[in-house]
Amino acid sequence: MKNAIAAMLLFAVTTHTLQAQNKREDKPGFHTEVQALLSKMSLEEKVGQMTQLTLDVITKGPDRFSSAEPVELDPELVKKAFSKYKVGSVLNTANNRARSVEVWHKIIRGIQDANKGGLAIPVIYGVDAIHGATYTAGATMFPQQIAMAASRNRELVLKGAEVTAYETRASSIPWNFSPVLDLCPDPRFPRQWETFGEDPFLISELGVQMIKGYEGQDNKISDPFRVASCMKHFLGYQVSVSGKDRTPAYISEQALREYHLPAFKAAIDAGAHTIMINSGIINGVPVHANSDILIKLLRQELGFKGLVVTDWGDIENLYQRDKIARDHKEAIMIAINSGIDMSMVAYEYERFCDNLIELVKEGKVKEARINEAVGRILTLKFELGLFQKGFSDYKKYTKFGSDEFARSAYLAAGEAITLLKNQNSILPLKRNAKVLIAGPNSNSMRTLNGGWTYSWQGEKVEEFASKYNTIVEAFTKKAGAAQVSYIPGVSYKMAGKYFEEFEDRMDEAVKAASAADVVILCLGENSYTETPGNLSDLYLSDLQTELAKRIAAAGKPVVLVLNEGRPRIISRIEPQMAAVVQTYLPGNYGADALADIIYGDINPSGKLPYNYPKFPNSLVPYNHKPSESREVVQGVYNYDADYNPQWEFGHGLSYTNFSYSNLLLSTDKISATGTITASIEVKNTGSREGKETVELYLSDLYASITPDVKRLKGFEKINLKPGESKTLHFTISPSQMSFIGRDNKPVVEPGEFKVEIGKLTKTFTVQ
Ligand code: BGC
């Protein structure tokens, strides 16, 4: 089996880098306190450090997996895990539900107390605090990453991560499995909303902000208000052929490096401390078994020095699911030898520990490999300050759940929400308009937040978020109860699968539509993530489509509010909609921000982070190849290529108008190592103050690998008062002009390039 994997080498490495790596393995070069501790540890203690279990394994209670009862550690199970097996890490929440900071404090303090004997190595606790401290009751929930990408606002992304770090650490948790740096050009995939979308540059820029927000500008994670970040899921997770979670992907090395690698490289350069591995299979090899990716690329080429953790149960998956190992033991051998430092075993941790100990004794896993892994784990624990204190004084976190933090989340939602269509400037609405609100997303906090909110699939949101406003509540507060009525028409089955719905007073809703001045129709999806979020039909559901058609037929203008984790196709109803507003998953303050946009107190400024598809067989990203969007080819056949997104990446309207003029380049000829500056003047020609994201796209007009039609290479968000103008300058460096060539290395080739800002273009030549 090992030979088969070795035969699938993807990345060429020079002898020089191999020697460098070997040197590191012999003498890992850890800090003296880590070396000293390592030298005192038994093999059992070391293997324990490499083991991560889920909290439910050590708690007790009547129904450990869903009960709302107070969570308690089970002393016997705790003793076994920490005294006998010396387990080094725990993840996840108890009974799949959020807990208060006090409860988190009690649990984590209890775990650390269980480790006081012997070498007293603290446990490192990790969770998925992906849009706020998701597993802490009362924490501040921000828009999900896809919405943050639409805001195009680096400062808001930084601030969101800072608040999340603060509230996660307030919960005594020092390690966050975030950000998601996956590129997701596929709207079918159930986790697109966890990403920054389909553009490598946008993901890189915002990913770095998240890392800095979690870890601090200097990555000093001993700071009690910071956490260690975890880049995930390395690498190429969200481009499976089927569009379904954890199914095979086929990605050439060229494409892997061109599209998927840049965000991870940028985050590593920004000092991110840990990384989680893609649970899927690329080119037939599960990534957890691919040393070319985990050692040669990640360690030797990118120089990553931090901790590598598996995704959930993924060593077991090498045997049980992916069938590349004959048994559990061989799966462990393959993964650890391929470069895994810590196994997110989750449940059957004893089997992992026992097998790994045996493998070392049999010489099948070298003790040097174990030392390297454990050295990294201990280094992280030292850097986090866990040896001084393994939990937090939650009472000192006075800003937890504060108005100040809420304001940041609200501002983020306000800049994310994207106005896609606004026929005859129907928006903003007058406050005295009689409004009917309908649709399954009208009165739900769950749909505003999405998955990873108070529980894995987000199904418990209503229990925790009753103090925040649903869309109906926010509109009623804003315009007054006399102006707003609500009839759902369609509702989600709250106990069912995320896509299950039922007709809920549809006739009544249609009748009420004719009596209203305008209908706010809130459609989209219920919450989901991962495999339970897989989807077989990208069209908006039949029942919601029927509701939209019938309401539109009532003859009053309809404002379609989308609240969805991925762009469900709406081409069957879009022509009948007077306006369309995409809210994505805007979090607990999303409805307040939406109401402020609809009534004109916020001027919308979000821009799509993906191409919104119009048809299920046309899922083409904006940065496609020229053959995917050909103009009509004259001749006998007279054909064209059908490039027909509903709305393109970067689309987003405002209540004011911006005009672009004076696109100037500093030169029109440069060498392959030169830089060029583009400047542009942007003016607010309308009558409202507004924010505009100015985006620079670059097209390589011909190259030895067919170039993309265009690529985002710069963006800046500015605020302009009516009549105000600003000139922006963008620097285009050689790395921005380069692409990954046929030899899988970056290259800048001579030839013509086109710069595009707004609708203006200019060309220059690389000589
Ligand atoms: C997900 C990861 C997550 C992990 C721990 C996995 O199933 O793929 O994104 O960090 O669980 O909760």
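Leaving aside residues up to four places away in sequence, Glu415 touches Ala150, Ser151, Asn153, Leu156, Ser605, Gly606, Lys691 and Lys717, where contact means heavy atoms within 4.5 Å. The model is predicted, so that local features need pLDDT of at least 70 and side-chain atom pairs count only at pLDDT 80 or more, whereas totals for chains, interfaces and linings use all residues. Residues are numbered from 1 along each chain as its sequence is written, and side-chain values use heavy atoms, with hydrogens and water left out.

Glu415 lies in helix α16, which spans residues 403-416 (helices are DSSP runs of H or I with at least four residues, numbered from the N terminus). Glu415 is buried, with a relative accessible area of 11% (buried means under 20%, with a 1.4 Å probe and protein chains only). The side chain of Glu415 also makes a polar contact with the side chain of Lys717, at 2.9 Å (a pair of N or O atoms within 3.5 Å, of which, within protein, one must be able to donate a hydrogen and the other to accept it).

Around the ligand there are 13 residues, of which Asp128, Arg191, His233, Asp311 and Glu530 come nearest (a residue is near if one of its heavy atoms lies within 4 Å). By class, this shell comprises 6 nonpolar, 1 polar and 6 charged residues. Taken alone, the ligand exposes 310 Å², of which the protein buries 95% (Shrake-Rupley method, 1.4 Å probe).

Technical notes
Helix = DSSP H or I, 4+ residues; strand = E, 2+ residues; numbered from the N terminus. Buried < 20%, exposed > 50% of the residue type's maximum accessible area, 1.4 Å probe, protein only. Nonpolar A, V, L, I, M, F, W, Y, C, P; charged D, E, K, R; others polar.
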